[in-house]
Amino acid sequence: MPLTPEPGTGHVPPKTADFGPSSTDPCAASPAVAPAEGAGWAPVALPMGASAAGRPDAASPSNAAPPLRVVFLGPPNAGKGTQAAMLREKLGVPGITTGDLLRREAASGTALGLRVKGIMESGGLVDDATVDEVVREHLRQVDLRRGFLLDGYPRTRAQAETLAGILAAAGPLDAVLLIAVPEEELLRRALARGRSDDREEVVRARLRVYREETEPLIGYYRRLGLLREVDGNQPIEEVGRALLAALEAHPV
Ligand code: AMP
């Protein structure tokens, strides 16, 4: 598969990664969420200097925290890409964004690329086998020991199981961050960017696919004691703070 290794994932970097001072009370930053059913939850050690309350120092050689392995979960237009890019910069952890990898594949002009492009434009999900291959290929080029933030993967139960297999060697996930946003707000955000009926149809298709295929992963990861939910219906910086707090603190 013609995938070019690329350090970045194509996300537009945020204006600033400085979340500034914030409350360290996770209850203040997170919405109500059902308690984790799994018993395996433990606070995550963030790299030195990267906390909800302070500036990051991801490049610091004294950064001795263990690598973070994090999955971002949430509906389309929840802000996962923006937040993943901010957190990646703040924590100094490489990111993998399947939407970007697949867009690159789609632009390659190969038969596979054309097929992927058609699926993406329809709002559907690219088939698990193709996505798994793209992700495996990319992860081979990434030093998993540095940790990673996955954005847009897994999106199906089968992908989650593939990921568990891939990680068997690298170590288990530390956390799954769910950015929760009400559907009306997601629609509003999406439609504010495009106008045609076509666009609305695709937006609704994406939301339906999310509900049917991806939402069940919330329960899956909750049962594993990994889920941390954050309210994504607030300003970008607040969401960023809440995500850091959710990584550090016990879920409410
Ligand atoms: P995103 O930029 O994450 O919204 O992804 C854009 C499109 O890429 C999605 O609507 C899907 O068609 C496809 N895609 C991204 N990630 C996946 C995945 N993990 N599984 C299947 N399709 C995906």
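Modeller: Let us begin with a definition: a residue is buried if 20 or more other C-beta atoms lie within 10 Å of its own, exposed if 12 or fewer, and partly exposed in between, with C-beta atoms placed from the backbone. This is a predicted model, in which local features need pLDDT of at least 70, side-chain atom pairs count only at pLDDT 80 or more, and totals for chains, interfaces and linings use all residues. Residues are numbered from 1 along each chain as its sequence is written.

Biologist: What makes Arg241 buried or exposed?

Modeller: Arg241 has 24 other C-beta atoms within 10 Å, and is therefore buried. Arg241 lies in helix 10. Helices (H or I, at least four residues) and strands (E, at least two) are DSSP runs, numbered from the N terminus.

Biologist: Why is strand 4 called mostly covered?

Modeller: In strand 4, residues 175-180, five of the six residues are buried.

Biologist: How do you know which strands pair with strand 4?

Modeller: Two strands pair if DSSP finds at least two bridges between them. Strand 1 (residues 68-73) and strand 4 have four bridges, in the parallel sense, and Phe72 has Leu177 of strand 4 as its bridge partner. Strand 4 and strand 5 (residues 227-231) have five bridges, again parallel, with Ala180 opposite Asp231.

Biologist: What makes strand 2 and strand 5 edge strands?

Modeller: The open sheet has five strands in the order 2-3-1-4-5, with parallel pairing. Strand 2 (95-97) and strand 5 each have a single partner strand, so one side of each lacks a neighbour in the sheet. The twist from one strand to the next averages 20°. Strand 2 pairs with strand 3 (residues 147-151) over three bridges, and the partner of Thr97 there is Asp151.

Biologist: How far apart are the C-alpha atoms of Arg241 and Leu87?

Modeller: They are separated by 9.7 Å, although Arg241 and Leu87 are 154 residues apart along the chain.

Notes. Axes fitted to C-alpha atoms, helices over the stretch in contact; angles between N-to-C directions.
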